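The exercises below are meant to be worked through with the structure open beside the text. Each one sets a task and is followed by a solution that goes step by step.

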Protein chains: 2
Amino acid sequence: MQAANLPQRLTEALGPDTVLTQPDDIAPWLADWRGIYRGQAQAVVRPRTVDEVSRCLALCQQAAVPVVPRGGNTGLCGAATPDGQPLNVVLSLDRMHAIRSLDTIANTMVAEAGCILGNLRRAAADANRLLPLSLAAEDSCQIGGNLATNAGGVNVVRYGMARELVLGVEAVLPNGEVFHGLRTLRKDNTGYDLKQLLIGSEGTLGVITAAALRLFPRTDTRSVVLAAVESPQQALELYALLFEQCGARLQAFEFFTGACLDLVLTHAEGVQEPFAQRYPAYVLVELADTAEEDALNALLERVIGEALERGLCHDAAVSTSLAQLQALWKLREEISEAQRADGPHLKHDVSLPIEQIPAFMVSMQARLHTLDPAIRPFIFGHFGDGNLHYNLSRPAGAPKDWAATHEDAVTGTVLDEVMRYGGSISAEHGIGQLKRHAFLQYKDPLELRLMREIKRAFDPAGIMNPGKLL
Amino acid sequence: MQAANLPQRLTEALGPDTVLTQPDDIAPWLADWRGIYRGQAQAVVRPRTVDEVSRCLALCQQAAVPVVPRGGNTGLCGAATPDGQPLNVVLSLDRMHAIRSLDTIANTMVAEAGCILGNLRRAAADANRLLPLSLAAEDSCQIGGNLATNAGGVNVVRYGMARELVLGVEAVLPNGEVFHGLRTLRKDNTGYDLKQLLIGSEGTLGVITAAALRLFPRTDTRSVVLAAVESPQQALELYALLFEQCGARLQAFEFFTGACLDLVLTHAEGVQEPFAQRYPAYVLVELADTAEEDALNALLERVIGEALERGLCHDAAVSTSLAQLQALWKLREEISEAQRADGPHLKHDVSLPIEQIPAFMVSMQARLHTLDPAIRPFIFGHFGDGNLHYNLSRPAGAPKDWAATHEDAVTGTVLDEVMRYGGSISAEHGIGQLKRHAFLQYKDPLELRLMREIKRAFDPAGIMNPGKLL
C-alpha cells in the first residue's frame, strides 16, 4: 500500500470530518504551544472511539507511516509535535472526552484520553472526591497526555506521580490491537505490569485511549505557610521536621529563591511582599486533611513554632483565610510566567536525591560562576520531591539570543552536575525531542538496550512517534 | 560448555562454601515450605555480593542451565521451588542481607535482597520511621522475594503494594549484566520505567539484588474497631464512610465471616468471643496517625457512632488499650492457622472491583451450592483493597483428600466467577507454579504475547525460573 494513498483510506474508513488533510486545517497541529518545535504531517486524525483509533493505527502501520499521538499540547519537550517527515499522521485524542464512569464506593474514575484534567478534577470534586493530579496546565492538558508523560505537579509529595494514580489503562497498539487493561483492581499480581510501560512512554509504544484512575477523599481543610529560610540546607531540615510530624497531611512542599520572588514582584499583578524584609529563599508548605480545620491549623502552628525556635526558618506567614492561602500560593505559581516576561532562558527540570540538594546547589553555583558569573539563576520547584526547576536567565545586557547560543555549554554543565549527584535529567517533563540527545548520552547503555527491545516488542514496524524519546 | 561441569566451574569462581552440591546439603532447598512442591537441582549457590550473583548467572547462561532465585521461601505458589529438571541451580539471596543505607532526611532505605522484612521494619522503626509493608510471613520472608512477587499485606489500603514502596532496584540479568537502577529519586521521567517489570516478575527476568525503599513517618497512634456487620454490602458501605471521613488515616480494612470467627475460637489459644452474640460477618478497621491519640479515638468513635446510627453495623468494639487492639487483631490473624488446623482446603487469593464484592459473594455462594451445598467457605481478607481469600474447606465427613480431588472443579468455578466480575485470579500471592495453568487460560492473549516478548528481551536464553509464571 502506498503511503500517499493513506489520507484517502483514512477518510474512507473514518469519515471526512475525522480526517483533516488541507494544509490550513493541519497547520495548527504542527507546532508545540511554545513555538519551539514545528513539523510536518499529511493528515490529522481526530477519532471519537477506541475502534476508530484502532482502524487509524492499523491503516498507518500498513502504510508504514509514522503516527504522532497528541493530547492537549501542553508538553514542554516537543513530544507531541511531529518531526519533519511530510508523511506523518497526527492522531489527536481531543474528541475522546467522555467520563465513562465515576464510582464513589470504589473511588475510581474511568476517563477517556482526551478529557481535560481540570474537568476530571471538577467532576471528582462534585462527587465529593479528589483527583490529586494537579499542575499549571490542568485546564488545557489532557489525561491521556498526562499518563503518556507520567505527569507530576504540586501534590506529588503526598500522592505521587500520575503513574501512582492509575489502576488500569486502555490503549491501542500500532497494529490496531486493543490492549484491554482498563481494570479497576487495587491488587492484581498476574504477570508483568504492562500498563507501567505505556505510562511515561511518550506515545512511542501505543496510544492510551482511556484510564481507570484512583480517587481520594476530598481534603478541603487546608493550611498553608510561607517560611523564609536561609538556605537549601534549612529548607531540607524544615522538610524533615514537617514530614515526621505531619505525616500524610503534608500535601505540598515548594521552594523558591529570593531572586524568584523579586521576579514575581516585578512582573506579576496583584502580588504582595510577604515579609518586612527579603530573605535568601522561601518554602511554601501546604497541609491538607479531611476534617478538623482547628486541629490542622494548630498542628501547623506548633510545628512552625518549633521550626522557628530551632532556627530552621527566619520568619513564617501562616494563612488564616482562603484569600491569604491563595495569595501565598500565587507567589509560587507566578514564577514561570514572570520568568517568561523577563525573556528567553534555559529551563532545567531536574531531580536529585533530596538530601543532596544543598550540596548540589553549592557546587552548581560554583560551576555556573566559572561559566559566567553574570548568569541569573531562578531556582524553584517541588523541593519535597527532590525536583528543582533550575532555570537560568541571561546576564543583564546580554543579547536576546543568549539562551540559544549558550544552551549547549550551560545545559551540559547543569546536567553533568545533576548526574554527578545521582539525579535525573528529567524529573517530570519527560524527554520528547528536547532532551533526546541528553537522554541518549546519559542513560545507562543497558537500560537503553532494554528500552529498544521493548519498543520493538510493542512497535515492530517502528511507526510510533519517531524522533521522540528513544 | 557442558552443563555437567557447571558445579565445578561455579565452585572455582565463587569458592566451595558458596556452592552446595551434596544431595544432603541441597535437599532443604528443593521444596516449598508447605511441602506441596518438590523439585531437583544440581547445585545451590549462596552468593554474598552482586558481583558473585553476576558471575553465577553468567556461568549458568553459558551452560544453558536454568536458575531458580530463592528468597525466604514463604511464597504460596511454588515460584521459588525448582521444577523437576536435575540440572537446575537454586540461587539463594539469603547471604545478601546488608542494609546499605537508611536516610531519615531522604526517608529512604537501601536494602539487599536477602534482608528479612521484619528486620527492615524494625530498623526503620528504630530510626523513627515506618516501612509499611507488613504481612504474616514478615519474620522469615526476604525483601527481594517481596519485590519479585509484588507482595501485599494488611496495609495496602493506605500504602499500596510493595511496588509502590520502591524507588529503585539493583538486579542482575541472566547474562550477568548488572542493572544499576538503585536510584532514590521520587521523580525520574527518563524513558520506560524498567524496574516495574522486575517487580512482580517472580524471578523470570533477572535477580533483584537490592532495592531502594520509601520510608514513612511512624504512625504510632493507632485505633482499632471490630464491627459486626450483616453482609458484605454493609461492609462496603462502612468502608465508603470510613474512607470519606478518615482519609489517609485508614490503614487497614479487613473482613471475615462468622464462620471464620467460629474456626478461630475453636482452634486458636487465647482468643475471646468479641460480642455477646455471633454475627454474619465482621470488619476490622485500623486508623493510624502521627500524632494526637485523643483526636484519633474521637474521630473513630464519631464515625462508628454514625455507622451504628445509619445501621451500617450491628455492634462495634473499639480498642481502648494496646492489649485490646492486639486481641482484636488476633481474631483476624489466626484465621489462616485455624483453617490449617481444620484440615486441607482450597485457597483462592482473588481480587474484585470492590463495589462488586457483594454481588460476587451472592452469586458465588449460589454456584458453590450447585457444586456441593456442604462445602464450608471461610472467606476473609483485605476487603478495602477488594482482596478476598476465598478459601473452601471440605464438607464435614468428606475424605481427607477432598481438596485434591475437587480442586479442578471447585477452583475452576471460583475463578470463572471472579473473571465474570472483572476480578483477578491472583490478588497478592502471584502465579508461580500453582496458578500457571489458570493464568495462561484467563489472561488476554495479547498481554501474554507482550509478556513473552519482554521475557525474550531480558532472558533470550530462557534460563530464568522456567515453569513459573509464563
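**Exercise 1. Two helices of chain B**

How close do the axes of helix α8 (residues 232–246) of chain B and helix α13 (residues 357–371) of chain B come, and at what angle do they cross? State how the two helices are oriented, and name the residues that make the contact.

*Solution.* The model is a predicted one, and the two axes in question come within 8 Å of each other and cross at roughly 170 degrees. Because angles over 145 degrees count as roughly antiparallel, α8(B) is roughly antiparallel to α13(B). The crossing in which α8(B) passes α13(B) is right-handed. On the side of α8(B), the contact is made by B:P232, B:Q233 and B:L236, while α13(B) contributes B:I357, B:P358 and B:M361. Sorted by class, the residues of this contact are five nonpolar and one polar, with no charged residue among them.

**Exercise 2. Aromatic pairs**

Find how many aromatic pairs there are over all chains, and then describe the pair of A:Y159 and A:F216 and that of B:F360 and B:Y390.

*Solution.* The count over all chains comes to 22 aromatic pairs. In one of them, A:Y159 and A:F216 stand 4.9 Å apart, centre to centre, with 65 degrees between their planes, an edge-to-face arrangement. Since A:Y159 lies in helix α6 (residues 156–159) of chain A and A:F216 in strand β11 (residues 216–217) of chain A, this pair ties together parts that are 57 residues apart in sequence. Both A:Y159 and A:F216 are buried.

Turning to chain B, the ring centres of B:F360 and B:Y390 are 5.7 Å apart and the planes stand at 75 degrees, so this pair is edge-to-face. The pair links distant parts of the chain, with B:F360 in helix α13 of chain B and B:Y390 in strand β19 (residues 387–393) of chain B, 30 residues apart. B:F360 counts as buried because its relative accessibility is 0%, and B:Y390 likewise counts as buried at 0%.

As a further step, look for the aromatic cluster formed by A:Y239, A:F243, A:F253, A:F255 and A:F383.

**Exercise 3. The surroundings of one residue**

Is B:N391 buried or exposed, and which residues does it touch, not counting those up to four places away in sequence?

*Solution.* B:N391 is found in strand β19 of chain B. With a relative accessible area of 3%, B:N391 is buried. Leaving out residues up to four places away in sequence, B:N391 touches B:Q339, B:H345, B:L346, B:K347, B:H348, B:R376, B:P377, B:F378 and B:F380.

**Exercise 4. Helix α9 of chain A**

Place A:D262 in the chain, and then work out how α9(A) is oriented relative to helix α12 (residues 335–342) of chain A.

*Solution.* A:D262 lies in helix α9 (residues 258–267) of chain A, where it counts as partly exposed at 36% relative accessibility. Between A:D262 and A:G39 there are 37 Å in space, C-alpha to C-alpha, and the two are 223 residues apart in sequence.

The axes of α9(A) and α12(A) come within 9 Å and cross at roughly 75 degrees, and α9(A) and α12(A) are therefore roughly perpendicular to each other. In this contact, α9(A) is represented by A:C260, A:L263, A:V264 and A:H267, and α12(A) by A:I335, A:A338, A:Q339, A:A341 and A:D342. By class, the contact of α9(A) with α12(A) consists of six nonpolar residues, two polar and one charged.

Key:
Residues numbered from 1 in each chain as written. Chains lettered and ligands numbered in written order. Predicted model: local features only at pLDDT ≥ 70, side-chain atom pairs only at ≥ 80, totals over all residues. Heavy atoms only, no water. Axes fitted to C-alpha atoms, helices over the stretch in contact; angles between N-to-C directions. Helix = DSSP H or I, 4+ residues; strand = E, 2+ residues; numbered from the N terminus. Parallel < 35°, antiparallel > 145°, perpendicular 65-115°, else oblique. Left-handed = near helix turned anticlockwise from the far one by under 90°. Contact = heavy atoms within 4.5 Å. Nonpolar A, V, L, I, M, F, W, Y, C, P; charged D, E, K, R; others polar. Phe/Tyr/Trp six-rings, centres within 6.5 Å; stacked < 30°, edge-to-face > 60°. Buried < 20%, exposed > 50% of the residue type's maximum accessible area, 1.4 Å probe, protein only.
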